Amino acid sequence: ILPLSLESITDQIMVPQGDIVPFTFNTLVTEDAEKSLCQDAPVLVVDDEPVNRFIIDHFCKRVNLRTKFASDGVEALQLIEGLLEQGLANQLPFKLIILDYQMPRMTGPEFAQRLMEISIERELAKPPIIGYTALTSRTELEYFLDSGVIDILEKPTTFEKFIALIEKVV
């Protein structure tokens with residue numbers, strides 16, 4: 001597998017396991033979608049798979065959302081706590097968090113629960129969290145939603161599904 005770049009991607013992405021994931025880059029963003037999104041809003045993407053971070057980053061850039069990345073919940077909490085210590089005393093530093101379920105060190109549900117605790121302890125509004133997962137088990141999805149995730153974006157995804165969900169929660 002060759003390293004991913006925007007130049008090398010056409011209609012699909014070959015993921016490390018050898019599966020082909022349908023994926024299109026040439027979808028136009030509607031004028032309404034662009035107006036309704038928080039332009040230049042900071043988004044935290046928490047996923048241990050570089051391909052997934054790459055896809056979400058590309059989607060975010062298409063609608064002028066700024067992305068920061070963490071490869072698991074521990075790294076994401078460290079990033080958030082570091083930014084809070086820099087002076088963002090009245091709010092968490094992201095307008096949206098896109099969160100994988102299965103990650104090393106700290107899972108998505110564990111991160112969401114800990115973020116809820118931090119927001120309560122510091123009396124901060126918690127940004128919406130979108131779960132980004134390939135899980136299909138109803139029990140696991142319910143557990144993810146019960147942890148503080150407000151909706152689920154299924155892997156693999158499309159730009160249209162991404163935009164529809166972003167418009168719904170932001």
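How many helices and strands does the secondary structure of the protein chain come to? The model, which is predicted, has 6 helices and 7 strands, where helices (H or I, at least four residues) and strands (E, at least two) are DSSP runs numbered from the N terminus. From that terminus on, the elements follow the order β-β-α-β-α-β-α-β-α-β-α-β-α.

Residues are numbered from 1 along each chain as its sequence is written. Because this is a predicted model, local features need pLDDT of at least 70 and side-chain atom pairs count only at pLDDT 80 or more, while totals for chains, interfaces and linings use all residues, and side-chain values use heavy atoms, with hydrogens and water left out.

The pLDDT, the predictor's confidence in each residue from 0 to 100, averages 82 over the protein chain, and 76% of the residues score at least 70. Over residues 1-30, however, the pLDDT is below 50, although this stretch has 50 contacts in the model beyond near neighbours in sequence; a contact means heavy atoms within 4.5 Å. Where pLDDT is low, the predicted coordinates should not be read in detail.

Leucine 44 has lysine 68 as its bridge partner in S4. Between S3 and S4 the chain passes through helix H2 (residues 50-62), and this β-α-β crossover is right-handed, which means that, with the strands pointing away from the viewer, the path from the first strand over the helix to the second runs clockwise.

Leu44 is also among the residues with the most contacts inside the largest nonpolar core, which has 26 residues, as are Val46, Ile80, Ile97, Leu99 and Phe111. Such a core is a set of buried Ala, Val, Leu, Ile, Met, Phe, Trp, Tyr and Cys residues joined through side-chain atoms within 4.5 Å, and buried means under 20% relative accessible area with a 1.4 Å probe, protein chains only. S3, H3, S5, H4 and H5 each supply at least two residues of this core, and H3 gives the most, with 5 residues. Apart from this core lies another, of 21 residues, among them Ala41, Ile55, Val63 and Ile163.

Leaving aside neighbours within four places in sequence, leucine 99 is in contact with residues including Gly108, Phe111 and Ala112. Just after H4, glutamate 123 takes a positive phi of about 55°.

Technical notes: Buried < 20%, exposed > 50% of the residue type's maximum accessible area, 1.4 Å probe, protein only. Pairing = 2+ DSSP bridges.
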